[in-house]
Amino acid sequence: MKRVVLVTGASRGIGYAIARRFCEAGDNVVINFNKTREPALELARAFPNSSLAVRADVSRFDQVKAMVGLAQKSFGSIDVVVNNAGIALWQPFTEADEAKFDELFSVNVKGVFNVCKATVPQMIKRKTGKIINISSVWGLVGASCEVLYSASKAAVIGFSKALAKELGPSNITVNCVVPGIIETDMNNDITREAANELKQSVPLARFGKTSDVAGVVLFLASAGANYITGQVLGVDGGFMIT
Ligand code: NAP
(Lines give C-alpha, C1' and ligand atoms only; values in the text may rest on other atoms or scores of the structure.)
Protein backbone atom coordinates (compact mmCIF):
# COMPACT_ATOMS: atom_id res chain seq x y z
CA MET A 1 0.00 0.00 0.00
CA LYS A 2 1.19 3.52 -0.79
CA ARG A 3 2.40 5.40 2.27
CA VAL A 4 2.43 9.15 2.72
CA VAL A 5 5.99 10.19 3.51
CA LEU A 6 7.38 13.59 4.50
CA VAL A 7 11.14 14.09 4.09
CA THR A 8 12.60 17.36 5.35
CA GLY A 9 15.69 18.88 3.76
CA ALA A 10 15.12 16.80 0.64
CA SER A 11 16.60 19.19 -1.91
CA ARG A 12 20.18 17.95 -1.57
CA GLY A 13 22.42 15.30 -0.07
CA ILE A 14 21.04 12.60 2.20
CA GLY A 15 17.47 13.96 2.22
CA TYR A 16 17.30 14.02 -1.57
CA ALA A 17 18.50 10.38 -1.76
CA ILE A 18 15.90 9.36 0.83
CA ALA A 19 13.06 11.18 -0.95
CA ARG A 20 14.05 9.69 -4.31
CA ARG A 21 14.06 6.16 -2.87
CA PHE A 22 10.57 6.62 -1.42
CA CYS A 23 9.38 8.05 -4.77
CA GLU A 24 10.84 5.06 -6.61
CA ALA A 25 9.15 2.72 -4.12
CA GLY A 26 5.80 4.17 -5.27
CA ASP A 27 4.96 6.12 -2.12
CA ASN A 28 3.33 9.54 -1.95
CA VAL A 29 6.21 11.79 -1.03
CA VAL A 30 6.37 15.34 0.25
CA ILE A 31 9.77 16.70 -0.77
CA ASN A 32 10.62 19.55 1.54
CA PHE A 33 13.18 22.19 0.57
CA ASN A 34 14.14 25.56 1.92
CA LYS A 35 16.68 27.52 -0.14
CA THR A 36 17.55 25.02 -2.92
CA ARG A 37 14.46 24.89 -5.10
CA GLU A 38 15.31 23.27 -8.44
CA PRO A 39 16.39 19.69 -7.52
CA ALA A 40 13.28 19.30 -5.35
CA LEU A 41 10.99 20.58 -8.11
CA GLU A 42 12.70 18.35 -10.67
CA LEU A 43 12.23 15.27 -8.49
CA ALA A 44 8.57 16.17 -8.04
CA ARG A 45 8.19 16.56 -11.82
CA ALA A 46 9.61 13.04 -12.29
CA PHE A 47 6.84 11.61 -10.06
CA PRO A 48 3.96 13.96 -10.92
CA ASN A 49 1.08 12.01 -9.42
CA SER A 50 2.73 10.90 -6.21
CA SER A 51 4.97 13.67 -5.03
CA LEU A 52 4.85 17.28 -4.01
CA ALA A 53 7.76 19.70 -3.50
CA VAL A 54 7.00 22.13 -0.69
CA ARG A 55 9.10 25.03 0.53
CA ALA A 56 9.22 25.40 4.29
CA ASP A 57 11.84 26.47 6.79
CA VAL A 58 11.63 23.73 9.43
CA SER A 59 12.65 26.17 12.14
CA ARG A 60 9.36 28.05 11.60
CA PHE A 61 6.33 26.29 13.04
CA ASP A 62 3.87 28.30 10.92
CA GLN A 63 5.62 27.15 7.72
CA VAL A 64 5.82 23.53 8.90
CA LYS A 65 2.14 23.56 9.82
CA ALA A 66 1.24 24.92 6.36
CA MET A 67 3.40 22.23 4.68
CA VAL A 68 1.78 19.43 6.68
CA GLY A 69 -1.67 20.86 5.88
CA LEU A 70 -0.84 20.84 2.17
CA ALA A 71 0.49 17.27 2.42
CA GLN A 72 -2.69 16.05 4.10
CA LYS A 73 -4.88 17.84 1.59
CA SER A 74 -2.99 16.25 -1.31
CA PHE A 75 -2.37 12.73 -0.03
CA GLY A 76 -4.16 12.23 3.32
CA SER A 77 -2.59 11.52 6.71
CA ILE A 78 1.16 11.24 6.98
CA ASP A 79 2.47 7.73 7.73
CA VAL A 80 6.22 8.34 7.76
CA VAL A 81 8.21 11.39 8.82
CA VAL A 82 11.93 11.68 8.10
CA ASN A 83 13.49 14.59 9.99
CA ASN A 84 16.62 15.07 7.93
CA ALA A 85 17.00 18.86 7.50
CA GLY A 86 20.10 20.08 9.25
CA ILE A 87 22.93 22.59 9.19
CA ALA A 88 26.52 22.22 10.33
CA LEU A 89 29.00 24.64 11.82
CA TRP A 90 32.76 24.21 12.08
CA GLN A 91 34.08 26.83 14.47
CA PRO A 92 36.30 26.92 17.56
CA PHE A 93 34.09 27.18 20.64
CA THR A 94 35.58 30.55 21.63
CA GLU A 95 34.28 32.03 18.34
CA ALA A 96 30.75 30.68 18.70
CA ASP A 97 28.15 33.22 19.72
CA GLU A 98 24.54 33.34 20.80
CA ALA A 99 23.28 33.95 17.25
CA LYS A 100 25.03 30.81 15.95
CA PHE A 101 23.72 28.79 18.88
CA ASP A 102 20.16 29.93 18.15
CA GLU A 103 20.50 29.30 14.40
CA LEU A 104 21.86 25.78 14.84
CA PHE A 105 19.39 24.71 17.49
CA SER A 106 16.44 26.29 15.70
CA VAL A 107 17.04 24.12 12.61
CA ASN A 108 18.57 20.93 14.04
CA VAL A 109 16.48 20.61 17.21
CA LYS A 110 13.46 22.92 16.98
CA GLY A 111 12.99 21.77 13.38
CA VAL A 112 12.52 18.19 14.58
CA PHE A 113 10.19 19.39 17.34
CA ASN A 114 8.13 21.47 14.88
CA VAL A 115 7.64 18.65 12.39
CA CYS A 116 6.74 16.14 15.11
CA LYS A 117 4.38 18.63 16.74
CA ALA A 118 2.57 19.10 13.42
CA THR A 119 2.32 15.38 12.55
CA VAL A 120 2.16 13.34 15.77
CA PRO A 121 -1.44 14.21 16.79
CA GLN A 122 -2.91 12.62 13.65
CA MET A 123 -0.58 9.61 14.06
CA ILE A 124 -1.84 9.11 17.62
CA LYS A 125 -5.43 9.34 16.39
CA ARG A 126 -4.76 6.68 13.73
CA LYS A 127 -2.57 4.57 16.06
CA THR A 128 0.13 4.23 13.41
CA GLY A 129 3.24 6.06 12.31
CA LYS A 130 6.98 5.92 11.86
CA ILE A 131 9.32 8.77 12.73
CA ILE A 132 12.96 8.63 11.67
CA ASN A 133 15.30 11.35 12.88
CA ILE A 134 18.74 11.93 11.39
CA SER A 135 21.37 12.68 14.04
CA SER A 136 25.14 12.25 13.66
CA VAL A 137 28.02 10.28 15.13
CA TRP A 138 29.17 13.62 16.58
CA GLY A 139 25.99 13.61 18.65
CA LEU A 140 27.32 10.42 20.27
CA VAL A 141 30.97 11.23 20.82
CA GLY A 142 31.34 14.97 20.12
CA ALA A 143 33.66 16.63 17.60
CA SER A 144 36.30 19.25 18.31
CA CYS A 145 35.33 22.64 16.79
CA GLU A 146 31.78 21.35 16.34
CA VAL A 147 30.51 21.77 19.89
CA LEU A 148 27.20 23.37 18.93
CA TYR A 149 26.55 20.90 16.10
CA SER A 150 27.46 17.93 18.34
CA ALA A 151 25.20 19.23 21.12
CA SER A 152 22.28 19.74 18.72
CA LYS A 153 22.67 16.22 17.34
CA ALA A 154 22.91 14.76 20.88
CA ALA A 155 19.62 16.53 21.59
CA VAL A 156 18.02 14.75 18.62
CA ILE A 157 19.06 11.39 20.10
CA GLY A 158 17.55 12.22 23.51
CA PHE A 159 14.42 13.60 21.86
CA SER A 160 14.00 10.41 19.80
CA LYS A 161 14.43 8.02 22.74
CA ALA A 162 11.98 9.93 24.94
CA LEU A 163 9.39 10.27 22.17
CA ALA A 164 9.71 6.55 21.39
CA LYS A 165 8.74 5.74 24.98
CA GLU A 166 5.82 8.16 24.95
CA LEU A 167 4.43 7.13 21.56
CA GLY A 168 5.00 3.37 21.81
CA PRO A 169 1.52 2.75 23.27
CA SER A 170 0.08 4.49 20.19
CA ASN A 171 1.93 2.04 17.90
CA ILE A 172 4.23 4.80 16.63
CA THR A 173 7.92 4.01 16.27
CA VAL A 174 10.63 6.64 16.65
CA ASN A 175 14.17 5.80 15.64
CA CYS A 176 17.34 7.73 15.13
CA VAL A 177 19.82 7.20 12.31
CA VAL A 178 23.37 8.23 13.08
CA PRO A 179 25.45 8.70 9.92
CA GLY A 180 29.23 8.80 9.98
CA ILE A 181 30.94 10.83 7.28
CA ILE A 182 28.76 10.90 4.19
CA GLU A 183 29.77 12.45 0.86
CA THR A 184 27.57 15.55 0.61
CA ASP A 185 27.93 19.33 0.39
CA MET A 186 28.14 19.36 4.19
CA ASN A 187 31.66 17.96 3.95
CA ASN A 188 32.88 20.08 1.03
CA ASP A 189 35.37 21.88 3.25
CA ILE A 190 37.28 18.77 4.36
CA THR A 191 40.75 18.92 2.78
CA ARG A 192 42.07 15.95 0.82
CA GLU A 193 44.69 15.29 3.53
CA ALA A 194 42.11 15.36 6.33
CA ALA A 195 39.79 13.12 4.29
CA ASN A 196 42.54 10.53 3.76
CA GLU A 197 43.38 10.58 7.45
CA LEU A 198 39.72 10.24 8.45
CA LYS A 199 39.20 7.32 6.08
CA GLN A 200 41.92 5.42 7.92
CA SER A 201 39.65 5.48 10.99
CA VAL A 202 36.77 3.92 9.07
CA PRO A 203 36.94 0.08 9.01
CA LEU A 204 35.19 0.01 5.63
CA ALA A 205 37.90 2.43 4.44
CA ARG A 206 35.61 4.86 2.65
CA PHE A 207 33.13 7.62 3.37
CA GLY A 208 29.45 6.78 3.13
CA LYS A 209 27.23 7.48 0.16
CA THR A 210 23.82 9.10 0.52
CA SER A 211 22.33 5.80 -0.72
CA ASP A 212 23.90 4.01 2.29
CA VAL A 213 21.78 6.17 4.61
CA ALA A 214 18.69 6.08 2.41
CA GLY A 215 18.62 2.27 2.44
CA VAL A 216 18.54 2.20 6.24
CA VAL A 217 15.81 4.82 6.42
CA LEU A 218 13.69 2.86 3.94
CA PHE A 219 14.11 -0.22 6.13
CA LEU A 220 13.11 1.64 9.32
CA ALA A 221 10.00 2.88 7.50
CA SER A 222 9.05 -0.63 6.38
CA ALA A 223 6.87 -3.27 8.04
CA GLY A 224 10.09 -5.23 8.67
CA ALA A 225 10.93 -2.65 11.33
CA ASN A 226 7.55 -2.69 13.10
CA TYR A 227 9.10 -3.91 16.37
CA ILE A 228 12.07 -1.53 16.33
CA THR A 229 11.74 1.70 18.30
CA GLY A 230 13.93 4.03 20.34
CA GLN A 231 17.03 2.76 18.54
CA VAL A 232 20.10 4.71 17.53
CA LEU A 233 21.37 3.07 14.39
CA GLY A 234 24.86 3.87 13.13
CA VAL A 235 25.49 4.11 9.37
CA ASP A 236 29.18 4.86 9.62
CA GLY A 237 31.22 2.07 8.02
CA GLY A 238 32.25 0.95 11.49
CA PHE A 239 33.71 4.38 12.44
CA MET A 240 32.18 4.22 15.93
CA ILE A 241 32.83 0.58 16.83
CA THR A 242 33.79 0.64 20.51
P1 NAP B 1 23.41 18.99 3.01
O2 NAP B 1 23.89 18.34 1.79
O3 NAP B 1 24.06 20.26 3.48
O4 NAP B 1 21.82 19.21 2.89
C5 NAP B 1 21.12 19.79 3.95
C6 NAP B 1 19.66 19.77 3.64
O7 NAP B 1 18.96 20.35 4.75
C8 NAP B 1 19.32 20.60 2.40
O9 NAP B 1 18.34 19.95 1.64
C10 NAP B 1 18.78 21.90 3.00
O11 NAP B 1 17.77 22.50 2.20
C12 NAP B 1 18.10 21.36 4.25
N13 NAP B 1 17.87 22.44 5.23
C14 NAP B 1 18.79 23.17 5.89
N15 NAP B 1 18.18 24.09 6.67
C16 NAP B 1 16.84 23.91 6.48
C17 NAP B 1 15.69 24.53 7.00
N18 NAP B 1 15.78 25.56 7.87
N19 NAP B 1 14.47 24.11 6.60
C20 NAP B 1 14.36 23.08 5.71
N21 NAP B 1 15.41 22.45 5.17
C22 NAP B 1 16.65 22.88 5.55
O23 NAP B 1 23.53 18.01 4.27
P24 NAP B 1 23.53 16.42 4.38
O25 NAP B 1 24.92 16.00 4.52
O26 NAP B 1 22.66 15.83 3.34
O27 NAP B 1 22.84 16.28 5.82
C28 NAP B 1 21.52 15.82 6.01
C29 NAP B 1 21.35 15.46 7.48
O30 NAP B 1 22.30 14.45 7.83
C31 NAP B 1 21.62 16.62 8.41
O32 NAP B 1 20.73 16.58 9.50
C33 NAP B 1 23.05 16.37 8.89
O34 NAP B 1 23.30 16.96 10.14
C35 NAP B 1 23.06 14.87 8.94
N36 NAP B 1 24.38 14.28 8.87
C37 NAP B 1 25.19 14.45 7.78
C38 NAP B 1 26.44 13.85 7.77
C39 NAP B 1 27.39 13.99 6.62
O40 NAP B 1 28.55 13.57 6.75
N41 NAP B 1 26.99 14.53 5.48
C42 NAP B 1 26.87 13.08 8.87
C43 NAP B 1 26.04 12.93 9.95
C44 NAP B 1 24.79 13.51 9.94
P45 NAP B 1 18.01 23.79 1.25
O46 NAP B 1 19.32 23.58 0.57
O47 NAP B 1 16.83 23.74 0.35
O48 NAP B 1 18.01 24.99 2.15
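Two strands count as paired if DSSP finds at least two bridges between them. The structure described here is a predicted model. Its chain contains nine helices and seven strands, and the seven strands form an open sheet with parallel pairing. Strand β5, which covers residues 129-134, receives particular attention below.

**Overall dimensions and surface**

- The chain has 242 residues and a radius of gyration of 17 Å, which agrees with the value near 18 Å that a compact globule of this length would have.
- The C-alpha trace spans about 50 × 40 × 40 Å along the principal axes of the chain.
- Buried residues account for 48% of the 242 residues.
- The accessible surface of the chain amounts to about 11800 Å², and carbon and sulfur atoms contribute 54% of that area.
- Of the contacts between residues at least 6 apart in sequence, 69% connect residues that are at least 24 apart.

**Sheet architecture**

- The strand order in the open sheet is β3-β2-β1-β4-β5-β6-β7, with parallel pairing.
- Strands β3 (51-55) and β7 (232-235) form the edges, each of them pairing on one side only.
- From one strand to the next, the twist averages 20°.
- Helix α3 (residues 61-75) packs on the sheet and touches β1, β2 and β3; the direction of helix α3 makes about 165° with that of β3.
- Strand β1 (residues 4-7) pairs with strand β2 (residues 28-33) in the parallel sense through four bridges.
- Within the pairing of β1 and β2, Val 4 stands opposite Asn 28.

**Strand β5 and its neighbours**

- In the sheet order, β5 stands between β4 and β6.
- Strand β4 (residues 80-83) pairs with β5 in the parallel sense over four bridges, and Val 80 stands opposite Lys 130 of β5.
- Strand β6 (residues 172-179) runs parallel to β5 and is joined to it by six bridges.
- The bridge partner of Gly 129 in β6 is Ile 172.

**Burial and side-chain direction in β5**

- Strand β5 is mostly covered, with six of its six residues buried; buried here means a relative accessible area under 20%.
- In a regular strand, side chains alternate between the two faces of the sheet.
- In β5, Gly 129, Ile 131 and Asn 133 point one way, whereas Lys 130, Ile 132 and Ile 134 point the other way.
- Both sets of residues in β5 are buried, including Lys 130, the residue that Val 80 stands opposite.

Technical notes: Residues numbered from 1 in each chain as written. Predicted model: local features only at pLDDT ≥ 70, side-chain atom pairs only at ≥ 80, totals over all residues. Heavy atoms only, no water. Buried < 20%, exposed > 50% of the residue type's maximum accessible area, 1.4 Å probe, protein only. Helix = DSSP H or I, 4+ residues; strand = E, 2+ residues; numbered from the N terminus. Axes fitted to C-alpha atoms, helices over the stretch in contact; angles between N-to-C directions. Contact = heavy atoms within 4.5 Å. Rg over C-alpha atoms; globule rule 2.2 N^0.38 Å. Areas by Shrake-Rupley, 256 points an atom, 1.4 Å probe, with all protein chains shown as cover.
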